[in-house]
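Reader: I am new to this structure and would like to go through its contacts step by step. Please show it first.

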Amino acid sequence: MSWDLILTGLAGVVAMATPVVFATLGETLTERAGVINLSVNGTILLSAMGGFVAALTTGSLWLGFLVGMLIGGAVAFLVAFTSLTLKQSQVAVGFVLALFTRDLSYYLGNPFVGKQGPRVPVMPIPGLSKIPVLGELLFDHDPLTYLSIVLIFVTWFWVYKTRPGLILQGLGERPAAAYARGANVRLQRFIYTVLGGMLVGLAGPTYSLSVKAGWKGTISGLDGIGWIALALTIFGAWNPLRGAAGAYMFALLQWLSLVVQPYLPGVPTQVLQVAPFPLMILTLLLVNIGNTEWMKRTLAGLPPDARHFISRILRALQVTPPAGLGRAFEEE
Amino acid sequence: MQVELRDIHKFFGPVHANRGITLTIPAGTIQGLLGENGAGKSTLMKILSGFIRPDRGEIRLDGRPVSFRSPADALRQGIGMLHQDPLDFPPMRVLDNFVAGSPGGLLPDKEDARQALLSISQQFGFSLDPDAYVDTLTVGERQQLEIVRLLWLGARVLIFDEPTTGISAQQREKLFAALRRLADEGRTIIFVTHKLEEVQALCHRVAVLRSGELVGEAQAPYDLDRLVEMMFGKVITVGRAEPVPLGEPVLELRDLAVEDHRLHIRGVTLDIRAGEVIGLAGMEGSGQRRLLRAAAGLIRPTGGTVRFLGQDMTGRPYLDFHKAGATYIPADRMTEGLFPDLTIAEHVALAREQTGFLLNAEQMRAWAQEAIENFSIRGRPETPARALSGGNQQRLLLALMRPDLRLIFMEHPTRGLDLESALWIWRKLKDRCRKGTAIFFMSSDLEELLNYSDRVLVFFGGRVSRPLPAEELDVERLGQLIGGYGFDRVANDAITEPQTEGKAA
Ligand SMILES: Nc1ncnc2c1ncn2[C@@H]1O[C@H](COP(=O)(O)OP(=O)(O)OP(=O)(O)O)[C@@H](O)[C@H]1O
Ligand SMILES: [Mg+2]
């Protein structure tokens, strides 16, 4: 394969990763605040369908994205309301919503399947897009990709460098301590859940109006992406940079599975298409393996040098969830 | 700042936790607050620091009536509280913990905060590294961080809820020195504790709560017997238990080694005989817990052998130890020992030998009632474990132990418990010893270690002492050893070298 083709492919990876980045960033914010929004998978489908229909019928791309974000925000609001106000299980509610919104998107979207809709145009950034390699890789995309890259850094900056970000870290870690430091825990959790949901909702139209333009119902190929975003949130150790890196890695795997297809004629294409999913699960295993009892026991049996070396690597990979994740908090 | 509490009432459902408490604390004093478990001390302090609202009553600061909407609001008005379990963010850095929640714009001025952190720490002789992660600090250091943070935010009244549980003797001295200094500067200190000797050493005055009521006040110097009587409503005598005859070895450790990423402890050789009590002493995190866990099969030792009841159990999981007649009672009763949402009856039913598949409600109630009576648990069969006070949780854990145990592993058997509960727990444990059960425990309470152990192992700087007979030690000597003073001569690796009996420095 020629260098040019590889470069074009890699630029495609950056574009493909855009919606996954949105969803992962959104879920990262939500979970940092201590709420698990499990509905991501269905939310992406419903907002992809809703955004597509809105843009198709009104002709306004803007409206398409707005509708997608509103859908994401609304589903997240349901999760927040049932868990934070009604004190129901976040996991149960989120899971039911994930299934419900998925089926709802297939049902409501049925009349629009296969229609030709508007598509976000590519806008090379003048000047920057002429830089060799980097220009094509990063500066020859549609505005959403630029937005996603900017958002990675904004989210990271917000979480780690700002005053509200410090409290956000605390919200998921120890809500009681955040409360003692003046945070309105319930309100803030509500806000971050809805905000995170809106980012997830942005992922949908990013597919249906850009990356995989159109709506094809059950064969849209979007089912499963949301679960990947949830896995990436964990893989990313709730750090926006690491989560986004995971999103690019996932897109890269997807692209590679297409690239190797011609060279592996014996392997059914379906196998290659779904290969990135089990690979993601494997990476997830890797980050948690150091926490397991059997790993600790196995390590204890090794000679000291090997043991120290392996445990150092495992520690670097290892992630620990926010201690208050998914837990209710009462102010009294 | 002078603090006045007037006729404070607080109900939690049917529980009347504070019943009309009126107390005035002058500025510049260290006010002790004593009371048994469940007396209502924490409730009163949480009301004063804005965590919970009183159902009735008034708070006045320097004569001015105030009300607090939240803890942050209370802090703005000058009242800061250190909770027993420091309310901080363990995975974050010291500096970020320090800054989080401070007023100001979007971007915190970290340089400024760093300077403030360092200069306030320095005033009190604390050495806090702003870039360290809080989960690498000891409980004592986390307290220091909270103190510095609250002072930085302008606290003029500081409340300490049982601050000395889980910190070393040295850290306690440092803490006391800091408190005295704060009081000298005119700040008001409220010090909640169970321990009379701390009141005696530190507090200018003391108030005693019992069952939600203020039953008395006293000023230094104190009549300790009278304080005990006020706390419990009766006279309590601390008698030394009579010696228990020892039997066959129950647990035999040979050259046992444990390690984590910092510690490498090796060469622990010890026989624990039936009826014997072995205590592990040392600063928090010196390896006691790992050794205890390794001896119980909860973690795998990195070397050496463990024999339990004559059988080689090295590397076998805890479940096998448990089947053979050992049990492990962790310090974190609520997360590792009990199920917070299960009731007493359910716990008791779970602990019994299962006969049928279905639970028999009548039978469960009867068992629970029996446990509640035999172990004086304050609760009903349908009370969930999380609603029990610390002392009652520990009583429940004891009630759940099988009658035929040969060995009990315990972390901090009486941490957080009042004098009466602590005595009671040990009376029950010693009854077991008399029937041939051995006890292997760790504690940071020197009195407890000396009063109840037959032999003590001291941990210091990644090393262990050889087993030291408790009657050859006293509180002062043990405190020194824990701090490393004179440790070399008792270390377990010292015996292999030629004994050059140096002079006690
Ligand atoms: N949030 C709550 N909900 C219900 N009951 C509570 C709550 N907090 C405290 N209580 C009850 O109020 C009473 C007083 O509890 P409090 O924690 O003030 O006691 P304490 O004196 O601090 O005891 P300890 O020495 O064990 O810390 C207890 O009976 C306790 O069970
Ligand atoms: Mg208390």
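Reader: How many residue pairs are in polar contact across the interface of chain A and chain B?

Author: This is a predicted model, in which local features need pLDDT of at least 70 and side-chain atom pairs count only at pLDDT 80 or more, while totals for chains, interfaces and linings use all residues. Residues are numbered from 1 along each chain as its sequence is written, chains are lettered from A and ligands numbered from 1 in the order in which they are written, and side-chain values use heavy atoms, with hydrogens and water left out. A polar contact is a pair of N or O atoms within 3.5 Å; within protein, one must be able to donate a hydrogen and the other to accept it, and residues adjacent in sequence count only if both atoms are side-chain atoms. With both residues at pLDDT 80 or more, the number of pairs between chain A and chain B is 10.

Reader: Which helix gives the most residues to the side of chain A that touches chain B?

Author: Helices here are DSSP runs (H or I, at least four residues), numbered from the N terminus. Those supplying at least two residues each include helix H6 (143–161) and helix H7 (163–173) of chain A. The most, 7 residues, come from H7(A).

Reader: Which residue of chain B meets Arg174(A) in a salt bridge?

Author: A salt bridge needs a side-chain nitrogen of Lys or Arg within 4 Å of a carboxyl oxygen of Asp or Glu. Between chain A and chain B the count is 2. At 3.5 Å, N to O, the side chain of Arg174(A) meets that of Asp88(B).
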